[in-house]
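Here are my notes on this one, jotted down as I went through it. Have the sequence and the model open while you read.

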Amino acid sequence: MPVRSIRRSLTRRLLIGLTVLAAVSATATFMQARKSLTRQYDATLYSQAKALASLIHVKPDGQFEFDFDDRMMPEFKRQKFPQYFQIWMTDGSIIERSRSLGTRMLSRFEGKVGRPDFRDIHTTSGRTGRAVSYRFFPQLDQEDDGERGSELESSSARPKTPPVTIVVAQSRKPLQRVLDKLLLIILLGALLLPAAGALLVAWSVRRGLAPLDDLARQVQSVTPAKLDHRIAVKNAPIELRPVEAKLNDLLSRLEAAFNREKRFTSDVSHELRTPLAEAMTAVELMQRWPDDHEIRTASAANALEALNQMQQLIERLLLLIRGDAGKLALNFASVDLTEMTRNLAADFTEAANARDLSVAVDLDENLSVKSDPILLRAVLRNLFDNAVSHGTEGTAVHIHGKISATEVEWTIRNSAPALNLEDLPEMFQPFWRKDDSRTGDAHSGVGLALVTAFCSALAIQLHAELRPDSTLEIRLVFPPLD
Amino acid sequence: MRLLLVEDSRRLRESLIAGLRRLGFALDTASDGEEGLRLARLHDYDVIILDLMLPKIDGLTILRTLRDEGKQSPILILTAKDAVPDRVVGLDAGADDYLTKPFAFNELVARLQALTRRKYGVAVSAVTLDDLVIDLAARRVHREGGEEILMAAREYALLEYFVLRRDKIVTRHQIEEALYDGRLDNPSSNVVDSAVCILRRAIDVEGRPSLIQTRRGLGYVLAATGLVERDEDTITPTDEKNRR
């Protein structure tokens with residue numbers, strides 16, 4: 001399927017629309033003008049017919065009198081496009097005809113009395129003309145001319161005379177010339193309008209789409225290396241503002257995700273370098289002094305430890321990746337949180353003692369939650385490990401658990417004077433450490449990141465808070481029991 | 001040569017201690033920045049091997065502090081940070097060399113030797129005294145046209161120590177500090193004299209004066225006797241190549 005171009009499609013549609021509109025307008029204009037001009041033409045003929053009619057009188061003796069002087073009405077004698085008339089009595093005998101007719105005769109046609117009847121006529125020579133037939137009762141001459149007017153006013157009082165038919169005609173040529181000129185102008189207009197319209201449309205479309213082009217250019221310039229670029233369309237129209245805002249929002253999130261990804265990759269590489277160096281150096285020593293028992297024993301142990309550490313790190317990273325991808329296998333069951341917490345507290349007693357930490361557990365009995373026991377245990381173990389490893393020596397680690405009507409809440413608190421508020425969101429990122437050292441062999445740096453991933457998978461709300469007394473409190477809120 | 005290793009990884013520290021000591025290096029170690037800085041201030045090490053990410057005080061701070069205080073000991077940064085900006089920052093802060101983890105042990109040793117030679121102004125990798133050739137890069141000793149003289153790591157370390165300071169008097173105390181990590185059980189013992197005696201037996205030729213002369217009340221001096229018909233401190237063809 002060919003790629004659609006808004007510009008081309010918009011231009012094409014506008015041009016087609018404009019052309020059709022021009023054609024329809026031209027046709028309508030011409031039709032209307034022709035109708036109007038013909039009506040005017042007819043009106044002229046009709047007024048001529050009425051003027052001629054007013055010149056016909058019936059004398060008291062019944063004779064027709066026609067007071068026509070073509071000097072007064074030169075239209076009937078001019079050389080160029082003269083008008084013609086012919087007047088008939090009811091019996092078809094001709095009363096008068098214009099001299100302009102010469103030897104020709106006009107065809108007689110008639111409508112109702114007092115109503116004009118217009119027709120196109122054709123002469124024997126093939127010319128076309130326009131004619132009006134007007135049938136009327138001629139005026140009856142009275143003895144007293146002074147009363148004629150008033151009698152004419154009342155037709156009922158007028159004595160009946162036979163109706164007379166008058167036909168006035170003129171060549172259509174003058175009308176046709178005007179119509180032809182008009183048609184030419186309209187046609188020229190109809191042709192020029194789309195041509196001028198094409199330019200106007202192209203300019204308007206280009207100008208109208210300029211912000212879109214600018215947007216496209218800016219979006220194209222975004223590369224993985226330039227994710228800090230933000231879209232700023234010059235004179236952005238209101239329709240593009242939401243797009244611009246959404247794109248910038250998307251870019252921000254993409255940049256953050258890219259940076260996280262980059263930092264994660266760099267951190268993974270970095271975390272693996274030290275144990276790899278340990279294993280490599282140990283193996284090199286064994287190779288260099290193969291007969292040195294002391295070197296062999298110590299290096300083998302070191303190499304194995306380093307490899308184990310790498311294996312653990314890789315396994316935890318895989319878990320983290322699976323957790324982030326939502327691909328952890330979950331088996332929900334009823335878990336006794338009280339028992340699990342107490343068992344873990346017992347497991348960490350030795351580690352806590354080594355750092356002169358006391359572990360205080362205060363739990364409601366039979367705290368029961370529906371969760372995956374393996375993942376939940378991993379969450380709690382990591383939180384215990386974090387508290388026992390980083391709590392200030394000589395202080396206490398407090399664990400509380402309580403159940404309410406709607407939820408189960410579990411918290412662990414330890415003294416953390418080195419932490420500040422900015423650290424809170426960071427500490428759940430993989431490989432975040434308060435200082436740069438990688439001393440602790442037992443800590444991979446992904447413990448709290450795993451807690452985040454597992455809590456998300458188990459639908460447990462995870463909250464971290466740093467209290468004013470520098471106590472770190474991590475709170476888990478379990479989903480309500482059914 | 002006396003080295004200081006500041007590294008928080010226990011296993012790496014243990015391996016480097018074992019390997020470098022077997023090669024005759026005297027080695028002090030620290031597992032955090034604070035201890036590392038204290039030791040670096042206390043002694044004039046031939047080379048300091050410094051990790052960057054350390055507990056308490058980070059490696060860069062140690063490096064800058066030492067340079068600010070005028071400590072000129074060559075410093076080799078040994079770190080997992082491999083990005084170019086990290087290297088630039090490290091070298092700009094006054095490090096003499098930068099090696100990233102994982103690394104080859106042999107490369108670390110070669111770099112340590114190169115830094116030591118540079119410290120003592122020895123630009124070549126092999127030195128000849130009379131007809132005795134000491135290959136500092138290969139850590140081997142032989143007579144010209146003759147067989148290799150096999151010696152223990154400690155003996156070689158002592159010879160190398162003398163070679164780097166040839167024609168200069170070195171005291172017993174200096175030797176103790178440099179070769180025995182200052183950890184001799186009995187400072188008044190004659191461990192140094194015995195070691196010098198063993199070294200003389202290995203490198204001297206019967207009938208010729210010893211290359212290591214005793215200066216009574218002062219210490220020892222390693223110098224060519226001039227009795228062999230050749231220029232002293234001749235640079236071997238390999239060295240010429242190295243120079244180019």
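1. Start with Leu458(A). Setting aside neighbours within four places in sequence, Leu458(A) is in contact (heavy atoms within 4.5 Å) with Leu330(A), Phe332(A), Ser371(A), Asp372(A), Leu375(A), Leu376(A) and Pro479(A). You'll find Leu458(A) in the loop between helix H10 (447-457) and E14 of chain A; helices (H or I, at least four residues) and strands (E, at least two) are DSSP runs, numbered from the N terminus. Leu458(A) has a relative accessible area of 2%, so it is buried, a word that here means under 20% relative accessible area, with exposed over 50% and partly exposed in between (1.4 Å probe, protein chains only). For a sense of scale, Leu458(A) and His122(A) are 99 Å apart in space, C-alpha to C-alpha, and 336 residues apart in sequence.

2. A word on the ground rules. This is a predicted model, where local features need pLDDT of at least 70 and side-chain atom pairs count only at pLDDT 80 or more, while totals for chains, interfaces and linings use all residues. Residues are numbered from 1 along each chain as its sequence is written, chains are lettered from A and ligands numbered from 1 in the order in which they are written, and side-chain values use heavy atoms, leaving out hydrogens and water.

3. Now the sheet in chain A. Which strands form it, and in what order? It is an open sheet of five strands, running E10-E12-E13-E15-E14, with mixed pairing; two strands pair if DSSP finds at least two bridges between them. At the edges stand strand E10 (358-363) and strand E14 (461-466) of chain A, each with a single partner strand, so one side of each has no neighbour in the sheet. On average, neighbouring strands are turned by 15° against each other, direction ignored. (Axes are lines fitted to C-alpha atoms, for helices over the stretch in contact, and angles run from 0 to 180 degrees between N-to-C directions.)

4. Look inside that sheet too. Strand E13 (residues 408-415) and strand E15 (residues 471-478) of chain A run antiparallel and are joined by eight bridges. Glu409(A), for instance, has Val477(A) in E15(A) as its bridge partner. Helix H6 (residues 337-347) of chain A packs on the sheet, touching E10, strand E12 (396-403), E13 and E15, and its direction makes about 170° with that of E10(A). Helix H8 (residues 373-390) of chain A also packs on the sheet, touching E10, E12, E13 and E15, at about 20° to the direction of E13(A).

5. Next, the rings. Phe66(A) is buried, with a relative accessible area of 14%. The rings of Phe66(A) and Phe85(A) have centres 5.7 Å apart and planes at 70°, so this pair is edge-to-face. (Rings of Phe, Tyr and Trp, its six-membered ring, pair if their centres lie within 6.5 Å; planes under 30 degrees apart count as stacked, over 60 as edge-to-face and the rest as tilted.) The pair links distant parts of the chain, with Phe66(A) in strand E2 (residues 64-66) and Phe85(A) in strand E3 (residues 83-88) of chain A, 19 residues apart. Elsewhere, Tyr46(A), Phe118(A), Tyr134(A) and Phe136(A) form one aromatic cluster.

6. Finally, chain B. It has nine helices and 11 strands, and 51% of its 244 residues count as buried. Where the chains meet, 26 residues of chain A are in contact with 25 residues of chain B.
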